[in-house]
Amino acid sequence: MSKTLVQPVGQKRLTNVAVVRLKKHGMRFEIACYKNKVLSWRSQVEKDLDEVLQSHTVYSNVSKGILAKSKDLIAAFGTDDQTKICLEILEKGELQVAGKERETQFSNQFRDIATIVMQKTVNSETQRPYTISMIERLMHEIHFAVDPNSSSKKQALEVIRELQKHFPIKRSPMRVGLTVPEQNISSLMEKLDAWDASIVSKDNSGSQLSLICEMEPGLFRDCDTLLRNLQGRLEILAVSVHAEGDTSVDHYDDHEDVPSLPPKESADDVLKLSEKIEKQSLSSGNGNTEGKVKQNKCSTCNAYVGDAKQYRDHFKSDWHKHNLKRKTRQLPPLTVEECLADMELDDSKADLKEYSF
């Protein structure tokens, strides 16, 4: 028997790596890095170079394993020190990302920017916040493109300024508490009037005046400087203030391209569905074959659930979902009444767990 070590024929080296590429003097240079480590190195989270580079080697093509020539390195970088060149490529080079991975990164950052915009803005007409789906739709309408080299917060502020040109949207005011000596009250009130700040409450106690007001977030630095000059004190009470009262998501998601979520079925809906099922089963038990409805049986709940529409509705009910969870744990199905009692017991246990210390 041969003692020769058999190597896999189809093996491809340096394929599951992150490639950083730098073009210099008309030549391409690449280094092989570990995934998710390049950004950590550039943000100075990772300090160990060996944790970033798979090898201190400069390639002309990583995927084919072609090394860069020494004369090319000297011509482009003035040295053939592989480690120094790797550091320069790591700092100035472009991280190569696969198409699907790049698309996922852009999608996640787009969502992050939309979330920041939603948190920082309100509808200028209703004083209520937009939903995340509405913000994303407005961003698509202004043809916003994500810049991967810029922070999400910076891009969100740019999006807000652009949206204000086309849609009724504005920065949500911030609520601050101001305390100034009595002799400087008039100067403060003049500035608040000029800034069009709304005063929520006023308390004149002793030799000081305490105010709670709402103002544009862009005026915060000027207000802080003013309070310092007036020997006062500023305190941030809320970064973003929205109109009080219940807001329905359906009020904002009135467009067709974003489907609204179906409302959660209550216990009464489950009981009504069970009554319909019982009526169907009673009618099907009669000897008359005229008008007989075909019964569909749910194997999870071990019950007949009527015609096709009721059968589809049954799969959305809490009864079916609860029995489905029990089935995964190899537990027998429950009837509608037993299901409701079991869900109430689970809710009470969850409440006790939430308020336990």
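Colleague: What share of the 357 residues in the chain is buried?
Modeller: Buried residues make up 34% of the 357. Buried means under 20% relative accessible area, exposed means over 50%, and partly exposed lies in between (1.4 Å probe, protein chains only). This is a predicted model, where local features need pLDDT of at least 70, side-chain atom pairs count only at pLDDT 80 or more, and totals for chains, interfaces and linings use all residues. Residues are numbered from 1 along each chain as its sequence is written, and side-chain values use heavy atoms, with hydrogens and water left out.

Colleague: Why is N184 called buried?
Modeller: The relative accessibility of N184 is 16%. The limit for buried is under 20%, so N184 counts as buried.

Colleague: Where does N184 lie?
Modeller: N184 is in the loop between strand 8 (174-181) and helix 7 (185-194). Helices (H or I, at least four residues) and strands (E, at least two) are DSSP runs, numbered from the N terminus. The C-alpha atom of N184 is separated by 9.2 Å from that of L209, 25 residues apart along the chain.

Colleague: Why is E216 called partly exposed?
Modeller: E216 has 34% relative accessibility.

Colleague: Which residues of helix 12 are buried?
Modeller: In helix 12 (residues 318-328), the buried residues are D318, W319, H320, H322, N323 and R326. Just after helix 12, Q330 has a positive phi of about 60°.
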